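I opened a notebook page for this model and went through it entry by entry. The entries follow in the order in which I looked things up.

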Amino acid sequence: MENPENSSCLCGTSEYMVLACSGSCDLGRITDLVARRLRDNGVRKMNCLAVVGAGIEKSIENFKTKNILMLDGCPIDCGKQILDKAGFANYKYMRVTDLGLKKGQTPVTEDVVNLVYEKAEIIY
Ligand code: SF4
């Protein structure tokens with residue numbers, strides 16, 4: 001897959017950002033691993049959801065200018081709720097349970113991470 005950062009020639013800045021709920025359960029861990037892989041493969045820059053939760057205004061205003069993909073593990077939608085409360089709009093969203101994976105019953109294997117990654121990678 002072509003790296004959108006390279007194709008749009010943004011000179012080192014990334015307009016494509018990913019945030020993960022990074023929850024402690026299996027699915028939360030998968031969001032974190034997938035976000036890191038998107039970063040490592042140059043698909044999106046990973047940033048910290050905690051920055052938004054903490055209300056760091058300078059970063060929040062910067063994030064609002066980006067194409068954000070929010071990865072949540074389950075329907076509690078922690079990441080989505082944090083973004084919505086901070087006034088984010090029009091961000092891309094993926095919830096791991098929507099792929100049929102079950103919270104607390106999903107081993108964090110390479111195959112499972114690959115499955116989620118392949119869905120996340122093609123979201124623009
Ligand atoms: S969205 Fe679900 S998996 Fe993610 S942090 Fe919240 S409760 Fe945990």
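I began at Ser-59, which is found in helix H4, residues 57-63. Helices here are DSSP runs of H or I with at least four residues, strands are runs of E with at least two, and both are numbered from the N terminus. Ser-59 has a relative accessible area of 23% and is partly exposed. For that term I used these cut-offs: buried is under 20% relative accessible area, exposed is over 50%, and partly exposed is in between, with a 1.4 Å probe and protein chains only. The C-alpha atoms of Ser-59 and Asn-47 are separated by 9.9 Å, and the two residues are 12 residues apart along the chain.

I noted the ground rules next. This is a predicted model, in which local features need pLDDT of at least 70 and side-chain atom pairs count only at pLDDT 80 or more, while totals for chains, interfaces and linings use all residues. Residues are numbered from 1 along each chain as its sequence is written, and side-chain values use heavy atoms, with hydrogens and water left out.

Ala-35 sits in helix H2 and is buried at 0% relative accessibility.

**Overall layout**

I counted 6 helices and 4 strands in the protein. Along the sequence the pattern reads α-β-α-β-α-α-β-α-β-α. Of the 124 residues, 42% are buried.

**Helix H6**

I checked the length of H6. Its 12 residues should span 16 Å at 1.5 Å a residue, and the end C-alpha atoms are 16 Å apart, which agrees. The expected span is 1.5 Å times one less than the number of residues.

I then listed the buried residues of H6: Val-112, Val-113, Val-116, Tyr-117, Ala-120 and Glu-121. Seen down the axis, they fall within an arc of 155 degrees, so they line one face of the helix. The arc is taken from the directions from the helix axis to the C-beta atoms. An α-helix has 3.6 residues a turn, so residues three or four places apart point the same way. On the face turned away from the buried side, H6 carries the exposed residues Asp-111 and Glu-118.

**Rings**

How many aromatic pairs does the count give? I got 1 aromatic pair. The rule takes rings of Phe, Tyr and Trp (its six-membered ring) with centres within 6.5 Å; planes under 30 degrees apart are stacked, over 60 edge-to-face, and the rest tilted. Tyr-16 and Tyr-124 form the pair, edge-to-face, at 5.7 Å centre to centre and 85 degrees between the planes. Tyr-16 lies in strand S1 (residues 16-20) and Tyr-124 in the segment after helix H6 (110-121), so the pair ties together parts that are 108 residues apart in sequence. Tyr-124 is partly exposed at 33% relative accessibility.

I also looked for charges over rings, meaning NZ of Lys or CZ of Arg within 6 Å of the ring centre and within 35 degrees of the ring normal. The charged end of Arg-37 sits over the ring of Tyr-117, 5.5 Å from its centre. The charged end of Lys-64 sits over the ring of Phe-88, also 5.5 Å from the centre.

**Ligand shell**

Which residues are around the ligand? With a cut-off of one heavy atom within 4 Å, I listed Cys-21, Gly-23, Cys-25, Gly-28, Asp-72, Gly-73, Cys-74, Ile-76, Asp-77, Cys-78 and Lys-103. By class the shell has 5 nonpolar, 3 polar and 3 charged residues. Ala, Val, Leu, Ile, Met, Phe, Trp, Tyr, Cys and Pro count as nonpolar, Asp, Glu, Lys and Arg as charged, and the others, Gly among them, as polar.

Asp-77, one of the shell residues, is found in the loop between strand S3 (67-72) and helix H5 (78-85). Asp-77 is buried, with a relative accessible area of 11%. Its phi is positive, about 55 degrees, although Asp-77 is not a glycine.

**Other loops**

Asn-90 also has a positive phi, about 65 degrees, and is not a glycine. I placed Asn-90 in the loop between H5 and strand S4 (92-95), where it is exposed at 75% relative accessibility.
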